[in-house]
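Please look over the sequence and the 3D structure below. Then read the short report that comes after them.

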Protein chains: 2
Amino acid sequence: MKIAIYGYGNLGKGVECAVNAAPDMELVGVYTRRDPDTVKTNGTPVFSAKVLQQGNQDVDVLILCGGSATDLPTMTPEFAKKYNVIDSFDTHAKIPAHFDAVHKAAEESGHIALISAGWDPGMFSLNRLYASAVLPNGTDYTFWGKGVSQGHSDAIRRIDGVLDARQYTVPVEAAMESVRRGENPDLTTRQKHTRECFVVAKEGADLAKIENEIKTMPNYFADYDTTVHFISMEELKQNHAGLPHGGSVIRTGTTGWNNEHKHVVEYKLTLDSNPEFTASVITAYARALYKMHSRGTKGCVTVFDVAPADLSSLSPEELRAKML
Amino acid sequence: MKIAIYGYGNLGKGVECAVNAAPDMELVGVYTRRDPDTVKTNGTPVFSAKVLQQGNQDVDVLILCGGSATDLPTMTPEFAKKYNVIDSFDTHAKIPAHFDAVHKAAEESGHIALISAGWDPGMFSLNRLYASAVLPNGTDYTFWGKGVSQGHSDAIRRIDGVLDARQYTVPVEAAMESVRRGENPDLTTRQKHTRECFVVAKEGADLAKIENEIKTMPNYFADYDTTVHFISMEELKQNHAGLPHGGSVIRTGTTGWNNEHKHVVEYKLTLDSNPEFTASVITAYARALYKMHSRGTKGCVTVFDVAPADLSSLSPEELRAKML
């Protein structure tokens, strides 16, 4: 199957690597809005996004590696008119509206599209669904981290006097342990996660003012216990260059006529590279889309609609013999 | 949807409870090979299995709660000729042959069948498949326990001089920690699990002989470090009456052009009641079978072939809004 990438940031680079490792996929091109001559890939030919917009490229699945805030809301419906597409749209509250727009475009054009692939939304969503279907009488908890939140790091960088920053989301261990013991705690935002910030300030900047601006920033930090460390650019580059992340989806529930039996289901990810793992999930779902479209499926789907066997390069017989 | 149960042991009782808790299911009957008058359910009407064999019962999905050793290999293909059926066949090595027999019967009769639902095979299989599709360059580990193995408990009970017994499978914590650190250890059977046995012996029995027979029993105990405790019947009933189980599926893998990024995916179950959790999984898959058959799917499938959304009683719109 012929795969193409639109957008070549961290995610696009991860997809390039994941598709190269897949035995049944060929990466035909990276498409970019930048001047193609300025984009240096790991061997994949680079083309202008304008070529892609003509709709005549020989591509089985187009992987859209744009951002959720401004790119994907228009990009995914637009390209679903011309290709089978997949994205990693991750603004949870706007998923229903995005789904509707993409579904309309894909269904009318006879293509298949999958939105919101990755790990949250994505693998975490799957685990919320599986666990709640199996244990209807129960409660879900999602903890994130320890890991770098790029959105929160960006928010700090926009503060006056800040040169660079890295923000880690840290789950509160005691809260997770209480959940794992099946104690069903009611947890506030503050009780679930803390935020740890490593900030490089301009020389002579007012550090107290920066720290205060971070800690009181609405939505991002005000509802959390936040720690701020001022460090040098050298230290940031040496100790905080990676993009690790992860987290746990935990569901606790009961069975029995008197709810006398407690069960705990936990799905836990520990990731050295958030974009590369996200890219690996997207790549597996691109394979599934190809198979589903070959069988006649059209319109928009999500990870909830994809049978697990379609993600694998193994045959159904091999899967049953080796993995069931 | 109308659900019926065939077989009323621990698993059948668990299914009765799970189906009663489902808002969209009606439990129409328990069918038994015993005299129906001798079977006391939690309110479900009891019928003779002979009635079911006539093939004219008004049942949307028949849940087969027989044993894998002797019941299901003939029971599932037989009833797949007459009803939509689901079983929890768990002899991993014989799954391909069982699948073929059930598929033939279901396809010819226009029914749908699902084999090997539960947690292993079942939820654990799903997690092996998802993690290996997402991280093709990696290694799988499955650890079981701490939990009661009914097969191993039965094996001890068959020894001369034994009145009753309970066997716990215990994962080796150090081995699990090594896997979680991504060290990719090569582990022998002995290095992964130990076995702990609580045995009630007949008065005057030769305890040393019993202990030796357990520890040297091929397949069941010879390849493990096994501990044997002789206890009273009273203690067995007081402290070892439950059927807890669980375990972890862990996949560690790498991404990046030089495999420089390590990822760990873990799915962990901690279950107070093995049969009730297994029953809950089967019940969710019974719902999926009903939906799939309504859409025209026929023949045998496994958990690998079922789209997650079909397991839930929520609509696709609700799932996308709440769980994605």
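## The interface

This is a predicted model. Start where the chains meet. The size of an interface is often given as the accessible area lost when the parts come together. Here chain B and chain A bury about 5,400 Å² between them. Carbon and sulfur atoms carry 68% of that area. Chain B brings 61 residues to the contact, and chain A brings 60 residues. What about polar links? There are 23 residue pairs in polar contact across the interface of chain B and chain A, with both residues at pLDDT 80 or more. Salt bridges between chain B and chain A number 0.

Now take the side of chain B that touches chain A. Several elements of chain B each supply at least two of its residues: α1 (10–21), α4 (95–109), α5, β13 (261–271), α11 (274–294) and α12 (316–322). The largest share comes from β13(B), with 11 residues. By type, this side of chain B has 33 nonpolar, 17 polar and 11 charged residues.

## The cavities

How many cavities of 30 Å³ or more are there? The count is 4. The largest cavity has a volume of about 50 Å³.

Which residues line the largest cavity? From chain A come Met123(A), Leu126(A), Asn127(A) and Tyr130(A). From chain B come Leu126(B), Asn127(B) and Tyr130(B). Two helices each give at least two residues to this lining: α5 (123–134) of chain A and α5 (123–134) of chain B. The largest share, 4 residues, comes from α5(A). The lining has 5 nonpolar residues, 2 polar residues and no charged ones.

## Salt bridges

Side chains of opposite charge can pair when their charged atoms come close. Over all chains, the model has 33 salt bridges. Glu211(A) forms a salt bridge with Lys215(A). Their closest N and O atoms are 2.9 Å apart.

Where do Glu211(A) and Lys215(A) lie? Both are in helix α9 of chain A, which spans residues 207–215. They sit 4 residues apart, or about one turn of the helix.

## An aspartate in a loop

Next, find Asp71(B). Asp71(B) is in the loop between β4 (61–64) and α3 (72–80) of chain B. Its side chain reaches the backbone nitrogen of Gly67(B) at 2.8 Å. Leaving out residues up to four places away in sequence, Asp71(B) touches Arg33(B) and Gly66(B).

Most residues other than glycine have a negative phi, and most peptide bonds are trans. Three places in this model can be set beside that rule.

In chain A, the peptide bond from Gly145(A) to Lys146(A) is cis, with omega near 0°. Lys146(A) is in the loop between β7 (138–144) and β8 (147–148) of chain A. In chain B, a cis peptide bond joins Asp120(B) and Pro121(B), with omega about 5°. Pro121(B) is in the loop between β6 (112–114) and α5 of chain B. The other place concerns phi. Asn219(A) is not a glycine, yet its phi is positive, at about 70°. Look for Asn219(A) in the loop between α9 and β11 (225–230) of chain A.

Conventions:
Residues are numbered from 1 along each chain as its sequence is written. Chains are lettered from A and ligands numbered from 1 in the order in which they are written. Side-chain values use heavy atoms; hydrogens and water are left out. On a 1 Å grid over the protein atoms alone, a cavity is a set of points where a 1.4 Å probe fits but cannot get out, and a pocket is an open set with protein on both sides within 12 Å along at least five of seven lines; lining residues have an atom within 4 Å of a point. Grid points are joined across faces, edges and corners, and a volume is the space filled by probe spheres set on the points. Ala, Val, Leu, Ile, Met, Phe, Trp, Tyr, Cys and Pro count as nonpolar, Asp, Glu, Lys and Arg as charged, and the others, Gly among them, as polar. Contact means heavy atoms within 4.5 Å. Buried area is the accessible area (1.4 Å probe) that two parts lose on being put together, summed over both. A salt bridge is a side-chain nitrogen of Lys or Arg within 4 Å of a carboxyl oxygen of Asp or Glu. A polar contact is a pair of N or O atoms within 3.5 Å; within protein, one must be able to donate a hydrogen and the other to accept it, and residues adjacent in sequence count only if both atoms are side-chain atoms.
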